Amino acid sequence: MAALLGEHWGFIVAAYGFVVLILGTVIAITWIDGAQQKRALAELEARGIRRRSEQAS
Amino acid sequence: MTDTRSAPPPVPSGGLSLIALANPTRFLALAQTLIPIMTGIAVVLATIGLYLVFAVAPEDYQQGQTVKIMYVHVPAAWIAMGAYTLMALSALGTLVWKHPLADVAQKAMAPLGAAFTLICLVTGALWGRPMWGTWWVWDARLTSVLVLFLMYCGLIALWSAIEDQSRAARAAAILTLVGFLNIPIVKFSVDWWNTLHQPASVVKIGGPAIHPSMLWPLLIMAVAFLALFIALHLLGMRNEILRRRVQTLGMRAARENA
């Protein structure tokens, strides 16, 4: 690794690793939140509770 | 998709203006189209960008290979400042024009802004240790970016603390506009004060002071970050719209059962 990225390779790997960690966490949280909201909305609709605009159509 | 099942109202003549997008159903339909496109652009450009960074771009004559940290640090800094500027515009949309999606856009932006600011701070520290000999200095640029991160965190806390959505939106909009004073300080701190952080080398009068062999990978990485940011913001806005629908329907269900 040192031959490829020089003597400070550990700092470079840590920087890119941190980017992957943070962006991966944000993507995962956003994905899970979306799935939870869709599930909650589907459960309400299954109980016959719909938005007024959907009831009218 | 349960959220876009009802057909969006017809688009008024003049295309998809901000007023046309005030309808959440129409916004969700547009987001449904844009999210995969932006995700695809982010993946393709990040792949090309990383190839250029690690296989093509030369090492810096002073920094050596440590310059590779710049290719994620600088785009994260640009997104961090740009996101807050967009939040300030959304705050105006909430307070002045009362656009129904303005505070949704603002609320969805804050966690993303915080994440990119954190990336900027940490990658900067990881660059600073081998190059400056220190992880951190309290100079104007670093301190103002830390303040930006704290502003994002404060706004997230504010939205969590106030249950009433409209009150939370107004309070967050005012705080966002007050905090916007920090953005010019972040940008021009390296010109106004004597800082350890180097002055701008890409966005500056007279053009970039960086060689094209390093500039192109940097710009490609920046556009990849931007595309990912747009995709995540659209997803965040979609989630927030769905959350509000769930809350509204949940309250109606509770009333009907009472």
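In chain B, 74% of the contacts with a separation of 6 or more are between residues 24 or more positions apart; two residues are in contact if their C-beta atoms, placed from the backbone, lie within 7 Å. This is a predicted model, where local features need pLDDT of at least 70, side-chain atom pairs count only at pLDDT 80 or more, and totals for chains, interfaces and linings use all residues. Residues are numbered from 1 along each chain as its sequence is written, while chains are lettered from A and ligands numbered from 1 in the order in which they are written.

**Exercise 1.** Work out how many helices and strands chain B has.

*Solution.* Helices (H or I, at least four residues) and strands (E, at least two) are DSSP runs, numbered from the N terminus. Chain B has seven helices and zero strands. Along the sequence that reads α-α-α-α-α-α-α.

**Exercise 2.** Find which helix of chain B gives the largest share of the side that touches chain A.

*Solution.* Start with the totals: chain B puts 32 residues into the contact and chain A puts in 29 residues. Next, helix 3 (102-132) and helix 7 (212-257) of chain B each supply at least two residues of chain B's side. Helix 7 of chain B has the largest share, with 13 residues.

**Exercise 3.** Check the span of helix 2 (residues 9-46) of chain A against its 38 residues.

*Solution.* The expected span is 1.5 Å times one less than the number of residues.
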